[in-house]
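Colleague: Could you walk me through this one? I'd like to start with the charged pairs.

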Amino acid sequence: MIQKGDCRTSTSRMNRVAIASLLCSEEPDEDEIDVVKVDDTLNTLYKNHEGNCQKASETIIHHEEQLQQEEEQRRRPRSTWSVEEDEVLTSLVEKYGTKSWSMFARKHFNGLRNAGALRSRYNNNLLPDRECRPWLSEEDRVIIDAHVEFGNCW
């Protein structure tokens, strides 16, 4: 049996399930009522499901599983970009322009890529007028001459 203070405000799946099961008890003890009062969200959820304990518990468990999956996806290292991601990013920039990086990250990349990564990928790799070629010998000469004339402070 869960005693007063066992679950406090923890959001772990185990504690949520324990509190949800308390909501379903026929005659809660004084201690159990205090535990239930700790999390108003669960009380609201219970009321929204019209007293259906099973549905309230399933909703809590489903929500906790979703949060856990999202957390795992965020932690997963992402180093290489897929062709599909490049295509999505290019089409979004064509449609909305280059001022909505945060929205792109949130809505279209589900938090797997942040706004800075999207902006960097587009500007450094996908920008249509970007020239990716080796330096020309004339360009090398200009840089070397400027360095000779101005040094490192230019």
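Modeller: A salt bridge here is a side-chain nitrogen of Lys or Arg within 4 Å of a carboxyl oxygen of Asp or Glu. This is a predicted model, in which local features need pLDDT of at least 70 and side-chain atom pairs count only at pLDDT 80 or more, while totals for chains, interfaces and linings use all residues. Residues are numbered from 1 along each chain as its sequence is written, and side-chain values use heavy atoms, with hydrogens and water left out.

Colleague: How many salt bridges are there in the whole structure?

Modeller: The search finds four; one of them joins aspartate 86 to arginine 121, with the closest N and O atoms 2.8 Å apart.

Colleague: Where do those two sit in the chain?

Modeller: Aspartate 86 lies in helix α5 and arginine 121 in helix α7, 35 residues apart, helices being DSSP runs of H or I with at least four residues, numbered from the N terminus.

Colleague: Is aspartate 86 buried or exposed?

Modeller: Because buried means under 20% relative accessible area (exposed is over 50%, partly exposed in between, with a 1.4 Å probe and protein chains only), aspartate 86 counts as buried at 14%, and arginine 121 is buried at 18%.

Colleague: Which other pair involves α5?

Modeller: Glutamate 85 in α5 pairs with arginine 113, which is in the loop between α6 (101–108) and α7, at 3.1 Å from N to O. Arginine 113 is buried at 5% relative accessibility, as is glutamate 85 at 11%.

Colleague: Changing topic, what is the overall secondary structure?

Modeller: The protein chain has eight helices and zero strands.
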